[in-house]
Amino acid sequence: MLGLNRLALAAVAALAKRLYVLHLRSTYKYQQRMPDTSFNYLAAEKTDLYRAVMRAFSEAKEHFLVHLRPEDVLGRAARDGQRLDLDAVKAALGQLVEWGNLQAEPDTSRVTTVEDFYRARYLY
């Protein structure tokens, strides 16, 4: 009985080691494929728009706000004296999510109809 337990323990240890090696390999491959894009907005074509959006999130974080809607970003930019278009802000938010600067979560808090539920609305 004691020999069987040692054998099972050795098999589990070997499996754990193999899984760890596979994890390291996949992590390395992932890091090789994914270049750092978190500063792309500083050199992009619409850098003023991206910087205004990121500034809105920085100011919100100072006030312990963790989520903003596109309308909130638009309002914060207006307070800073910048006139932005809502569609442009939504496009910029989408691009910043793609670059990894922001995360998007579905916003279901203002849903009143089925159509509103299926319309893409996000908190960033």
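Me: Which exposed residues sit on the face of helix 4 turned away from its buried side?
Reply: Asp87 and Glu98 are the exposed residues carried on that face of helix 4. Keep in mind that this is a predicted model.

Me: Okay, and which residues of helix 4 are buried?
Reply: Val89, Ala92, Leu93, Leu96 and Trp99 are the buried ones in helix 4. They cover an arc of only 125 degrees around the axis, so they end up on the same side of helix 4.

Me: Why do residues three or four places apart point the same way in an α-helix?
Reply: Because an α-helix has 3.6 residues a turn.

Me: What do the buried residues of helix 4 pack against?
Reply: They pack against helix 2 and helix 3.

Me: How do you know that the reach of helix 4 is close to what's expected?
Reply: Just set the two values side by side. Helix 4 has 14 residues, and at 1.5 Å a residue the expected reach is 20 Å. Just after helix 4 comes Gly100, with a positive phi of about 95 degrees.

Me: Why is Val97 called partly exposed?
Reply: Val97 has a relative accessible area of 28%. Buried would take a value under 20% and exposed one over 50%, so Val97 falls in between and is partly exposed. Val97 lies in helix 4, which runs over residues 86-99.

Me: What makes Tyr124 a contact of Val97, when they're 27 residues apart in sequence?
Reply: Contact is about heavy atoms within 4.5 Å, and Tyr124 is on the contact list of Val97 along with Leu102, Gln103 and Ala104, leaving aside neighbours within four places in sequence. The 8.4 Å between Val97 and Tyr124 runs from C-alpha to C-alpha.

Me: Why does Arg69 count as buried?
Reply: Its relative accessibility is 17%, and the cut-off for buried is under 20%, so Arg69 counts as buried. Arg69 lies in the loop between helix 2 and helix 3. Not counting residues up to four places away in sequence, Arg69 touches Asp107, Ser109, Arg110, Tyr122 and Leu123.

Me: How many residues are in the largest nonpolar core, and which have the most contacts inside it?
Reply: That core has 17 residues, and those with the most contacts inside it are Val53, Phe57, Val73, Leu93, Leu96 and Leu102. Helix 2 gives the largest share, seven residues. As for Val73, its contacts include Val53, Phe57 and Val89.

Conventions:
Residues numbered from 1 in each chain as written. Predicted model: local features only at pLDDT ≥ 70, side-chain atom pairs only at ≥ 80, totals over all residues. Heavy atoms only, no water. Helix = DSSP H or I, 4+ residues; strand = E, 2+ residues; numbered from the N terminus. Buried < 20%, exposed > 50% of the residue type's maximum accessible area, 1.4 Å probe, protein only. Expected span 1.5 Å × (residues − 1). Arc of directions from axis to C-beta. Core = buried A, V, L, I, M, F, W, Y, C linked by side-chain atoms within 4.5 Å.
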